[in-house]
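Student: Could we go through this one together? I'd like to start with the charged pairs and then move on to the core.

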Amino acid sequence: MTPRYLKAILLFALVAIVLAVSVRQNFRDAWLSQYTYAVAPEQTPANPKTAKPPSGAEPNAIITPKPQVLSTRVAEYHIDVRLDENEKKLIGEQSITWTNPGRKPVEEMYFHLYPNAFLSDNTTFMKESGGKLRQDKATANSRGYLKLESLETTEGESLLPRLHYVQPDDGNPDDFTLAKLRLPDPVAPGEDITLHMKFEVKLPEVFARMGYAGDFVMAGQWFPKVAAYETAGTRGRAIEGWNIHQYHGNSEFYSNFGIYSVRIQVPETYTVAATGFQTKPAASKEGRKTYQFYADDVHDFAWAASPDFIYVEDAYSTAGIPGVRIKLYLDPAHENLKDRYMHAAKSSLAKYAQWYGQYPYSTLSIVVPPKGGNGAGGMEYPTLITAFAADTDNPGYELERTVVHEIGHQYFYGMIASNEFEEAWLDEGFTSYAEDKVMESEYGVKPNLSLEASYMTDPAPLKQLSWSYRSHEHYAENVYIRAKLVLFGIEKQVGTKTMQKIMRTYYQKYKFRHPSTADFQKVVEQVTKSKWTEYFREYVYGGQMADFAIESIRVHPVETEQGRQYESIVLVTKRGGSFGPLSVLFQFADGKTEKKQWSGEEKHVQFRLVHDAPLLWAEVDPDRHVVLDNKRINNFMKAELPEASRIRWSIGVSKLIEGLLGAIGW
């Protein structure tokens, strides 16, 4: 899922002011931005004579499943769902066949009933989110639910009396997003059970991934879904069992892989986008239209529908992409931007396949929600992503960045399938890192890692429950930005080529396997042939940032065999986590410079330099190698400032900047 950077204008104005003051106070370029601003691509002029591309009026290309099995298929869903467009409801019926992947009998099952997060203001999701996700707020109509009408065995035995809501995370009695079912008979290892359900979903007015905006519908996390069952060894688990959590304000999702066969009935004027591919043409009857979709080796199924979609399709293949149909479901306001969406999709797929590995699915669908429907925007589902809503007809690089980011999720959320309840950074941080790589490679937009590090006013451990963060802003600050910086920090120390090998090895080894943070650390250590215990302890399992500072400078004349010279004693300290080696640059009054290396492992180091001219200034990490340093203002110091004045300025400005960033940053 893509976060939106808030108050950017105010933040950059602050940086500009600080820079101006810093220059006046002889702090050189400690706050200069390295960001590359680029003009958004020119829009393709709309053709007023063409309402819809004639070759893509209806997505009816038929595809058959491939025989290759890529994952352990634990669950198989057969779902029939009808959209009641007037009542904003989904009327569904499904059969679930669940196969026990473990080595011991299973006596109970757990189901996620995610739409119940919108049942009242007292649900765990609503209490934690405050009825807000990013900048999208719940309205008076943002009430929804999932009601199980029936739950039966294949023999017709009702199991509803055996179903009970549970709240293992917070004990909230008003939360009904997780249910436990006591089975009539245990499911033996390797055996399966099939259950039949009828259910009704009341869609909320969209603000948090699912719901409606006018005639537009986004069905995400919309059906009763079996929780993930982890076998021994998965993510370091010693004893097999269910991984069960409620729907929280910050958390996203985690499930086993499986098969989905879904029939979707909508009004005849609607077009449907969905996970997977169509197995037969859409059929119309009595003013209704039915779509049949199929997907395998995926762990979720989502769909969107609208009478206004403008459909554009293109076949694409390149190295690592044996053949994929890219499907755009555009809001009419963005019809003239179709080439930009398609270019971003192709560029992303090509780069991710080149860097990490093959995209194995035959389709990729991109949905553009209408204006007012951004609650459904910027989200990822298997083989289907949503862009941000068509709120403006002249979007900047936010259009490309969102598409690039969400397609990156196809790898880290979709195929690697990390546990986003417990280790969200393995998806969001990795995807944010990959997004930056594509944006620089394809669009020349370079990330300003130093500036992004300065956002880190409240760093926290990355491996923790998503709802353990204080707020959504605190969550986003860490699992998106700081997590990305942790990966760039590894790259800075091992080099781009080795980092590419790390990322590719990680994907190839753990695709379809649900890895953990410890699994990624093992890959880093195997590829680099070195230990990374301290780095992960400080920056992943711990909440540290790096902070290297010029602590003091003393310059005085000395008499030597060469005559009168100047001795400079510079104290450099490590105030945060380790990150080395790094350099220290010294500038003398005669124009000469000297650079020395420091391991960065000790708490401090003292440099003694004797030179013909006095030292003017010193700077630690002048090349901005330490991307995790979030207090770069103390990296630089001028020698001629009186010590008392220097100390007062350093402390005063540092506190001012930290306070302002804390107020307006994430």
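Student: Is R182 buried, partly exposed or exposed, and what is its relative accessible area?

Tutor: Keeping in mind that this is a predicted model, R182 is partly exposed, because its relative accessible area is 41%, and that lies between the 20% and 50% cut-offs.

Student: Which side chain does R182 meet in a salt bridge?

Tutor: R182 pairs with E107, at 3.2 Å from N to O, and the two belong to distant parts of the chain, with R182 in strand β8 (residues 178-187) and E107 in strand β3 (residues 106-112), 75 residues apart. E107 is partly exposed too, with a relative accessible area of 40%.

Student: And K225 and D300, are they buried or exposed?

Tutor: Both are buried, and they form a salt bridge whose closest N and O atoms are 3.4 Å apart. Here K225 sits in strand β12 (residues 225-226), while D300 is in the loop between β18 (288-298) and β19 (303-306).

Student: How many salt bridges are there by this rule, and which residues are linked in a network?

Tutor: The count comes to 33, and E230, R235, R237, E422 and E423 are linked in a network of salt bridges.

Student: Switching to the largest nonpolar core, which residues touch the most other members?

Tutor: Those are W222, W303, W425 and F520, in a core of 193 residues, to which helix α7 (residues 472-494) gives the largest share, 11 residues.

Student: What does W222 touch?

Tutor: Leaving aside residues up to four places away in sequence, its contacts include I79, L146, F199, M210, F301 and W303.

Notes
Residues are numbered from 1 along each chain as its sequence is written. This is a predicted model: local features need pLDDT of at least 70, side-chain atom pairs count only at pLDDT 80 or more; totals for chains, interfaces and linings use all residues. Side-chain values use heavy atoms; hydrogens and water are left out. A nonpolar core is a set of buried Ala, Val, Leu, Ile, Met, Phe, Trp, Tyr and Cys residues joined through side-chain atoms within 4.5 Å. Buried means under 20% relative accessible area, exposed over 50%, partly exposed in between (1.4 Å probe, protein chains only). Helices (H or I, at least four residues) and strands (E, at least two) are DSSP runs, numbered from the N terminus. Contact means heavy atoms within 4.5 Å. A salt bridge is a side-chain nitrogen of Lys or Arg within 4 Å of a carboxyl oxygen of Asp or Glu.
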